[in-house]
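Colleague: I have a model open and would like to learn how to read it. Could you take me through it feature by feature?

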Amino acid sequence: MIQTVSTQPFTDQKPGTSGLRKKVRIFAQPHYAENFVQSVFDSLDGFAGQTLVVGGDGRYLNREVIQIVLKMAAANGFGRVLVGQGGILSTPAASHLIRASGAFGGLVLSASHNPGGPDEDFGIKYNIGNGGPAPEKVTDAIIERTLSIESYKILDAPDMDLDTIGTATLGGMTVDVVDPVAAYADLMESLFDFAAIRAKIAGGFTLAFDSMSAVTGPYAVEIFEKRLGAPQGTVMNGTPLPDFGHHHPDPNLVHAKQLYDRMMAPDAPDFGAASDGDGDRNLIIGRHCYVTPSDSLAVLAANAHLAPGYAAGLKGIARSMPTSGAADRVAEKLGVPLYETPTGWKFFGNLLDAGMATICGEESAGTGSDHVREKDGIWAVLLWLNILAVRGESVAAIMADHWATYGRNYYARHDYEAIAKDKADALMAALRASLDSLPGTTNSGGTIKSADDFAYTDPTDQSVSRNQGVRILFTDGSRVVFRLSGTGTEGATLRVYLERYVDTDGDLGMATGDALAPLIAAAQDVADIAGYTGMDEPSVIT
Ligand code: G6P
Ligand code: ZN
């Protein structure tokens with residue numbers, strides 16, 4: 001039944017920040033998904049007879065690619081595949097399942113926060129046995145293999161039933177269709193004080209959770225409505241749809257506008273949150289109070305000890321370089337190390353495995369801990385709820401107290417989307433070429449203290465990652481960072497990260513746009529964004 005199918009390499013299968021992401025029409029080409037999956041398998045050693053976890057965010061093509069993966073896993077000698085019922089597994093739940101089942105690894109089918117549907121995006125990401133995204137040495141091997149592949153192995157067999165929980169066989173392999181939610185919900189219950197949160201909700205505390213018609217719907221209904229007793233309807237857009245109801249499942253102020261408007265209304269709930277396509281991102285909005293992801297990381301780190309799972313304190317905090325320094329001040333006060341990594345959750349895995357960090361976060365709406373090896377949207381919401389239940393204060397009061405204690409890192413990210421790739425590359429090249437001449441010069445942002453291209457040496461294995469983003473640091477601690485997105489599927493997106501720190505005795509109540517105006521002008525100045533992109537305004541501000 002095992003067929004060996006001849007194929008030719010595709011030259012565009014290089015995984016980005018988080019796996020291989022392409023338009024559906026590219027993935028749907030004959031042999032395209034098969035080539036990538038075989039390239040992953042060919043880059044791994046010793047999986048014969050082992051377990052593979054497979055699941056995705058339910059987007060268009062999810063089921064078809066799962067069938068391909070099952071038949072290829074069987075043909076390549078895996079012993080068992082665990083697949084979420086209906087092909088569903090949120091990214092953090094997949095990470096948990098890989099760890100809990102002692103699997104060799106997993107394939108997570110998702111393009112995260114990118115839109116879904118026949119004309120939109122699909123993606124495949126390989127996670128290793130620790131439950132986290134494959135590190136660069138693995139993804140580099142995969143890329144190389146995609147360029148030399150000549151054949152793939154697949155079983156000639158009918159499609160498997162993905163909708164009935166239970167065990168079946170495919171060739172010599174066992175296929176277990178498992179409940180995608182239960183084990184994950186139990187893990188959450190082991191980390192947080194569900195009784196305290198339940199009591200708070202029973203006492204009239206109101207919340208809204210927007211699943212954005214993506215994978216978290218069933219998880220959120222089980223956890224918030226069933227286990228924590230929030231009324232039905234607390235979960236908005238709770239049914240996962242292959243095209244996310246034509247929405248862009250990215251929990252930011254632009255795409256989660258329905259939630260944002262609700263949280264700014266006079267009768268807003270006490271707490272609002274949203275997650276993305278595959279359930280690893282989070283957006284937190286208190287009643288009339290938006291919390292930036294960088295601030296959320298800092299608040300969660302400062303208060304984590306209030307939740308049972310973190311009562312022993314934190315071993316360390318890690319953040320990606322473009323994420324604001326708010327968490328650094330918390331780490332300093334707690335007396336624990338702070339690690340600054342390149343963008344991409346994969347860089348946190350080694351720190352978590354080595355027990356060097358407990359909590360990690362990124363400006364791109366990702367926060368998580370050592371409970372899994374992915375960021376985790378529902379986890380972040382539950383930690384917030386646990387903190388709110390213990391402190392008995394509003395989100396706005398907690399933010400005000402945080403800034404009064406640590407000072408405030410005013411922060412925003414400006415995205416210039418869908419610019420021509422050559423223009424974006426030219427902008428970055430010119431910026432990189434100017435780095436040596438910038439220190440000592442003055443512009444509207446102040447005097448530039450240093451300018452560099454971020455490089456990271458992993459403290460656990462000494463691997464080095466270069467060219468991770470241009471940093472312009474000013475003498476007053478303000479900062480502008482430039483990098484190109486690694487997750488897009490069309491053209492290029494320039495991200496400009498702006499940050500200004502104001503001490504506890506400074507003005508902590510400014511509008512973010514006002515606080516950052518001089519830095520926005522400085523960014524234009526050093527990078528000539530309008531000149532290269534032809535855009536006077538960013539397409540998205542988060
Ligand atoms: C994915 C990764 C994150 C990363 C983000 C950055 O969501 O999982 O870890 O922060 O991409 O995306 P970008 O588009 O800025 O490369
Ligand atoms: Zn995601």
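Modeller: Gladly! Let's begin with the annotation: for "domain: Alpha-D-phosphohexomutase alpha/beta/alpha", an unreviewed UniProt entry lists residues 13-152, 183-285 and 294-406.

Colleague: What are the helix and strand contents of residues 13-152?

Modeller: That span is 36% helix and 24% strand, with its end C-alpha atoms 15 Å apart. For residues 183-285 the figures are 37% helix and 13% strand, and 27 Å lie between the end C-alpha atoms.

Colleague: How should I read confidence here?

Modeller: Where pLDDT is low, predicted coordinates should not be read in detail. This is a predicted model; the chain has a mean pLDDT of 97, and 100% of its residues reach 70 or more. The scores are ipTM 0.97 and pTM 0.96.

Colleague: Which domains does the domain assignment give?

Modeller: The assignment gives domain 1 (2-179), domain 2 (184-406) and domain 3 (408-541). Between the centres of domain 1 and domain 3 there are 35 Å. In their contact, domain 1 supplies 10 residues and domain 3 supplies five.

Colleague: Which element gives the largest share of the domain 1 side?

Modeller: Strand β2 (residues 20-23) does, with three residues. By class, the domain 1 side that touches domain 3 holds five polar, five charged and no nonpolar residues.

Colleague: And the ligand: how many residues surround ligand 1?

Modeller: There are 14, the closest being Thr17, Ser364, Ser485, Gly486 and Thr487. Sorted by class, the shell around ligand 1 has 11 polar, two charged and one nonpolar.

How values were computed:
Residues numbered from 1 in each chain as written. Chains lettered and ligands numbered in written order. Predicted model: local features only at pLDDT ≥ 70, side-chain atom pairs only at ≥ 80, totals over all residues. Domains from an automatic or database assignment. Contact = placed C-beta atoms within 7 Å. Helix = DSSP H or I, 4+ residues; strand = E, 2+ residues; numbered from the N terminus. Nonpolar A, V, L, I, M, F, W, Y, C, P; charged D, E, K, R; others polar. Near = placed C-beta within 6 Å. pLDDT = per-residue confidence, 0-100. UniProt positions renumbered as here; feature names shortened; annotations may be inferred.
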